[in-house]
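Okay, hi everyone, thanks for coming.

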Amino acid sequence: MINYFDPETDLGTPERHSDVQVNLDIDGRSISVPAGTSVMRAAAMLGTNIPKLCATDSLEAFGSCRMCMVEIDGMRGYPASCTTPVSEGMVVRTQTPRLADLRRNVMELYISDHPLDCLTCSANGNCELQTVAGQVGLREVRYGYDGANHLAEKKDVSNPYFDYEPSKCIVCSRCVRACEDIQGTFALTITGRGFESRVAAAGGDDFLSSECVSCGACVQACPTATLTEKSLVQIGQPERAVITTCAYCGVGCSFRAEMKGDQLVRMVPDKNGGANHGHACVKGRFAWGYATHPDRITKPMIRKRLEDPWQEVSWDEAVTYAASEFRRIQLTHGRDSIGGITSSRCTNEEAYLVQKLVRTAFGNNNVDTCARVCHSPTGYGLKQTLGESAGTQSFDSVMQADVVLVIGANPTDAHPVFGSQLKRRLRQGARLIVIDPRRIDLVDSPHARADLHLQLRPGTNVAMLNALAHVIVSEGLLAQRFIDARCETEDFARWRDFVNLPENAPEQLGPLCGVPAEQIRAAARLYATGGNAAIYYGLGVTEHSQGSTAVMGIANLAMATGNIGREGVGVNPLRGQNNVQGSCDMGSFPHELPGYRHISNEGVRAEFEQAWGVTLQPDPGLRIPNMFEAALDGSFKALYCQGEDIAQSDPNTQHVTAALRAMECVVVQDIFLNETAKFAHVFLPGSSFLEKDGTFTNAERRISRVRKVMQPLAGKADWEATVALANALGYPMSYRHPSEIMDEIARLTPSFHRVSYAEIDRHGSLQWPCNDAAPDGTPTLHIDQFVRGKGRFMLTGYVPTDEKVSSRYPLLLTTGRILSQYNVGAQTRRTRNTAWHDADRLELHPSDAESRGIRDGDWVGIGSRAGQTVLRAKVSGRVAPGVVYTTFHFPESGANVITTDNSDWATNCPEYKVTAVEVVKVFHPSEWQKRYQDFSDEQRRLLKERRAAEKPEKAEVRR
Ligand code: SF4
Ligand code: SF4
Ligand code: SF4
Ligand code: FES
């Protein structure tokens, strides 16, 4: 019997859903399948594999190879089973002598133009052509190889990750359809006709220069070795596979890590992955080489001063030294003089342990996480309005949306697999509104374009949201019945009266936002009346001085129009890092214990005190920016920073590095000597996601397993290092496996009560809340009532940011990500993804470039009130006049040298998205860049000298 959950079982054509069941007979056996199912799939469900080449169940059938012919009573000829839908009473024969002959003849033609190098071919043993040739019993090729053929066609090896070998192509078009249907890029086409037909990548001479975004869907779809991963060619066919989760973005794609011995051969997206359904992007599928990069540091190191060379020491020595420094500093400067930072790159279990260590072994609440600088306003804003600090939907929900509003997000670059799914929905006819200062790809992508692009000025999100709300209220577009039944009456009335004020009309706010009032009115009408309407937002909403206000404004819009609490609608924060949702869930904020419960709540504290055997401090501790301030004031002296590069990712770099320099003991745990580690006194080598067990929680609240596929290069997984540190500090921790940590989390966190590794394994993944009320998890939140009971409309008065343009700084800088690079770039810069993006660039409008005498590719200096840096210019119509844009993936670019200290009023999330700047043509790096280069060179030298310096210095450092 077929195992439907075996990802290697290909049923030939996609699943169909129908209330109507159809009965038919295949080779004398009866089966009942949903109407619309193909004969091929029905046969496969009976365990009968009809030979096929151009069909696969991830793509709609195409019917080109003719290999899948069958005989059907009452039908003439030999219909293709992949394109023939079942019908009631149909009688099908899949195996007859005549069919066997026909299939052999077709296969003979294919093989007569195919290199017979099976023994040395990279696909040997895993080639569908080879399998089908065996299946149909091909024994000879009568035509010989002397005539015209494609055997000498040139290989295209331009893509860093896969090769295209046209001599092996059978023109089945699976790659073309994968690029269109799954990825939505439409980069491939079949050129020519008949014998001249071949696959071509559009827009360039080869794959690398083409429009291809290297998602790999075509490689996965190819039934031959025509499109093949380079790693497979080099290493050979894998022997086993382990299901794990991507460690890049918040989509949380599930992968089969295919291994040969201890070597990773390739990452293949898992068909059963709840978030990705077998698709991936260039980062998750290909950019994993960083995990074994020579820059990895695999030995613990210590030093007394930043000017000293690093000394390699044992784990025991490093941990004992760190613990003794933490204790010394607390004795001298007080309990609150130290703190910790959890990582949104690490697992839930690891984030939980770090916050537990701070609250127990450090005895304070000085713990924060990198979510502070990205989605902390989401936590605050959604909690206030809806009662839960998380997105409301599954990604699949978008397939039922009629209108999609994307604000301050760039899904095709930053959340690519969701971006592909969204584009698919748009091609099916959903309408799109984009609110963004920049013309992101979604505004005009192949076969899908935005109905409206409101290209607002950076910093005016709240004004825009109020103007949209004004139209909904003043034009009578409210979902009054929903509001009456589901929301707090008084709060609603107050909000309605507020947004209805004339000062919130699009005619008033439009000029301020830089968007015509009519466009705002059209967007509001479409969102409120276009059917199921879903909002997706990103850091372009949160990273503002009014980030939390904007999140509340978004929730208000959803409640006002009844677009919440069912499939196809909702409020969906697109989370940046792989586990940013999880690190927040795990109690990483200084004011909250796991499950978003306030530290001041006596009952909650008592529960944790009993479980952890300590007395907890009732007041919130320091946030990351407060830690920096306190360090510069001299009251905060030591930091344990796990998997977070604050020296690169946090705003106003010079302020951050001054704070780090002011500390007496900085302990950094990371896989590389990152920018922060250059200011560290203890370096604990980290483990990549391939080297440990645990879980990540994605933007849909989906908890997925991370599984160890290789031993930790440094000997310890990150959670083991935290356990060792806690024990060295005298607080006992004795977990033997991360599953025991998850069991503790589940015991102490109501929304996780039914989560365990066994349950995750049973379901594949689980979306929290997962407890007695929802044992199988909760894909959609707020269905019958809001988590807080009644939804609460919040007032969202617009307060312009203090960061204003002036004659000295006349342009507004905003920032974002690019597809091939990831955040601070520590991982992707150490992969071949640099082939697409090897430096940050400053995008500026042609008119701004011309008035400054700047041409494409020129070096330009960017100065703000915080600092200066130098980048190359990219003249581009994507930004409006007066707005400039850059990515921030390379430390030497110093993008955060120019961002300011402004932050969200509620959460301190930095205002990365609005900085007033001036741009001028220059010929030298900035002063900061020169200092950065000197300091980095020095730190690299000290790292290099670590072995040489080890012996004489060692005794002195060990106290
Ligand atoms: S490259 Fe592969 S998938 Fe594409 S047409 Fe050729 S054989 Fe088929
Ligand atoms: S790698 Fe992705 S984008 Fe590139 S051609 Fe293949 S399917 Fe299209
Ligand atoms: S979309 Fe995100 S989670 Fe999925 S493969 Fe790409 S980076 Fe990984
Ligand atoms: S598999 Fe049906 S025509 Fe190719």
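So, ligand 2: two helices, α4 (174–183) and α5 (217–221), each give at least two residues to the shell around it. Keep in mind as we go that this is a predicted model. Who else is in that shell? Among the residues around ligand 2 you'll find Phe-162, Leu-188, Phe-207 and Val-213, and there are cysteines there too, including Cys-179, Cys-212, Cys-215 and Cys-218. Sort the shell around ligand 2 by class and you get 9 nonpolar, 3 polar and no charged residues.

In general, you describe a packed pair by the angle between the axes and the distance between them. Take helix α9, residues 348–362, and helix α25, residues 718–728: they pack at an angle of about 15 degrees, and their axes are 9 Å apart. So α9 is roughly parallel to α25. The crossing of α9 and α25 is left-handed.

Which residues actually touch? From α9 we have Glu-350, Leu-353, Val-354 and Leu-357, and they meet Asp-718, Trp-719, Thr-722, Val-723, Leu-725 and Ala-726 in α25. Split by class, the residues of the α9 and α25 contact are 7 nonpolar, 1 polar and 2 charged.

Last stop: aromatic rings. A pair like that is described by the distance of the centres and the angle of the planes. The count here comes to 19 aromatic pairs. One to zoom in on is Phe-395 with Phe-418: the ring centres are 5.3 Å apart and the planes sit at 35 degrees, so this pair is tilted. Where do the two sit? Phe-395 is in the loop between α10 (376–385) and β16 (403–407), while Phe-418 is in helix α12, residues 416–427. The two are 23 residues apart, so to speak a link between distant parts of the chain.

Note on methods: Residues are numbered from 1 along each chain as its sequence is written. Chains are lettered from A and ligands numbered from 1 in the order in which they are written. This is a predicted model: local features need pLDDT of at least 70, side-chain atom pairs count only at pLDDT 80 or more; totals for chains, interfaces and linings use all residues. Side-chain values use heavy atoms; hydrogens and water are left out. A residue is near a molecule or strand if one of its heavy atoms lies within 4 Å of it. Helices (H or I, at least four residues) and strands (E, at least two) are DSSP runs, numbered from the N terminus. Ala, Val, Leu, Ile, Met, Phe, Trp, Tyr, Cys and Pro count as nonpolar, Asp, Glu, Lys and Arg as charged, and the others, Gly among them, as polar. Axes are lines fitted to C-alpha atoms, for helices over the stretch in contact, and angles run from 0 to 180 degrees between N-to-C directions. Angles under 35 degrees count as roughly parallel, over 145 as roughly antiparallel, 65 to 115 as roughly perpendicular and the rest as oblique. A crossing is left-handed if the near helix is turned anticlockwise from the far one by less than a right angle, and right-handed if clockwise. Contact means heavy atoms within 4.5 Å. Rings of Phe, Tyr and Trp (its six-membered ring) pair if their centres lie within 6.5 Å; planes under 30 degrees apart count as stacked, over 60 as edge-to-face and the rest as tilted.
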